[in-house]
Amino acid sequence: MSNAFLKNLVGKLPSEYVEFADEGLDADVQDFVDTGSYAFNAILSGSIYGGFPGNRISVLCAENSSGKTFYALSAVKYYLEQNPDSIAVYFDSESAVTTQMLQTRDIDPKRVAVIGVATLEEFRHNVIALLDNYTQEPEDKRKKMIIVLDSFGMLSSEKELRDTSEGKDTVDMTKGRIAKAIFRVLTLKLAKAKVPMIVNVHQYLQQGVMFPQAVPAGGEGLKYACSSLVFMSKSKEKDGADVVGAVIKCKMGKSRITKENKVISTRLFYESGLDRYYGLLPIAEKHGVITKVGNKYEFADGTRAFEKAIYKNPKKYFTQELMNKIDEACKLEFHYMTNKPEKEDTDEPLANE
């Protein structure tokens, strides 16, 4: 039981968000959404078996045609598979999602609602009403739900639309304020409802600074409110002279769960989709789970193979025992705290004393 004085003091406050830490908090992450990539799961959650936090806002930030929509749909696919009775709501500001696109990614269209939105105000009204309706349902009758916004940067404000229709060429200074207000409210509502939200946004380079950095389009509101912000960049994946996909580098620009500024690589094939195992070898090598001898990787049983051969037939090499060891390595690599034992103090003098 919580401290009686504490309960008496704050328990009657007129807020629907009063909680006691010893009873569990809405902000506690109890489950994760599989991304379809073990390395991507690890950088987001610290475990290859994790992924996007199941009650928070996660942002994928990249240039145009860098795979943001595919990664969001991959998360939807695995979420619906992990939760057979669940649903997905997809807010689409780009008219990018089609029934065929869902079907080719093995996503059941009957479990997905697509809502077109053009302005921040329209999105705000719809998503808050959605979450309010959702939480009004009895908790034991709610179906699990995931929300996607694709993409945030394409949303105008109503003022911007009016100015455009009237031929005005003025900068809309209200967008940032509206965005901050939206995501401040959503952060609490999503946590209380235990609903994950993935937001896609275009990135651009800062203007007017000596060393420009990549930042999300649409203002700072989204950056401050999100739990995870991933910057993505791509390079071509070739088979000989043919381009067969893309290697997508993912960098944690912000995280409340794992270390920021960590980088992993994922791989997306045009024909077969996301490569689940790609990106694990560098982590395993760094933490001594496997070793590199020349141009080959050596496993505990003495087996040696080239990187290309390993990723071509991953289940042969990535046994369950090895995957568990890599998962432990990911905790060391990506978690903030590793619970390493502190060194004991001794009376022995230092070498230079």
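Modeller: Glu333 is buried, as its relative accessible area is 9%; buried means under 20%, exposed over 50% and partly exposed in between, with a 1.4 Å probe and protein chains only. This is a predicted model, in which local features need pLDDT of at least 70 and side-chain atom pairs count only at pLDDT 80 or more, while totals for chains, interfaces and linings use all residues. Residues are numbered from 1 along each chain as its sequence is written, and side-chain values use heavy atoms, with hydrogens and water left out.

Colleague: With which residue does Glu333 form a salt bridge?

Modeller: A salt bridge is a side-chain nitrogen of Lys or Arg within 4 Å of a carboxyl oxygen of Asp or Glu. Glu333 pairs in this way with Lys262, the closest N and O atoms being 3.0 Å apart. Lys262 is in the loop between strand E10 (242–255) and E11, and Glu333 is in helix H12 (residues 320–334), 71 residues apart. Helices (H or I, at least four residues) and strands (E, at least two) are DSSP runs, numbered from the N terminus.

Colleague: How many salt bridges does the count come to, and which parts does the pair Asp34 and Arg276 tie together?

Modeller: The count comes to 13 salt bridges. One of them joins the side chains of Asp34 and Arg276 at 2.8 Å, N to O. Asp34 lies in the loop between strand E1 (32–33) and helix H2 (38–45), and Arg276 in the loop between E12 and helix H9 (280–286), so the pair ties together parts 242 residues apart in sequence. Both Asp34 and Arg276 are buried.

Colleague: Are Glu237 and Arg267 buried or exposed?

Modeller: Glu237 counts as buried at 15% relative accessibility, and Arg267 is buried at 10%. Glu237 and Arg267 also form a salt bridge, with the closest N and O atoms 3.1 Å apart.
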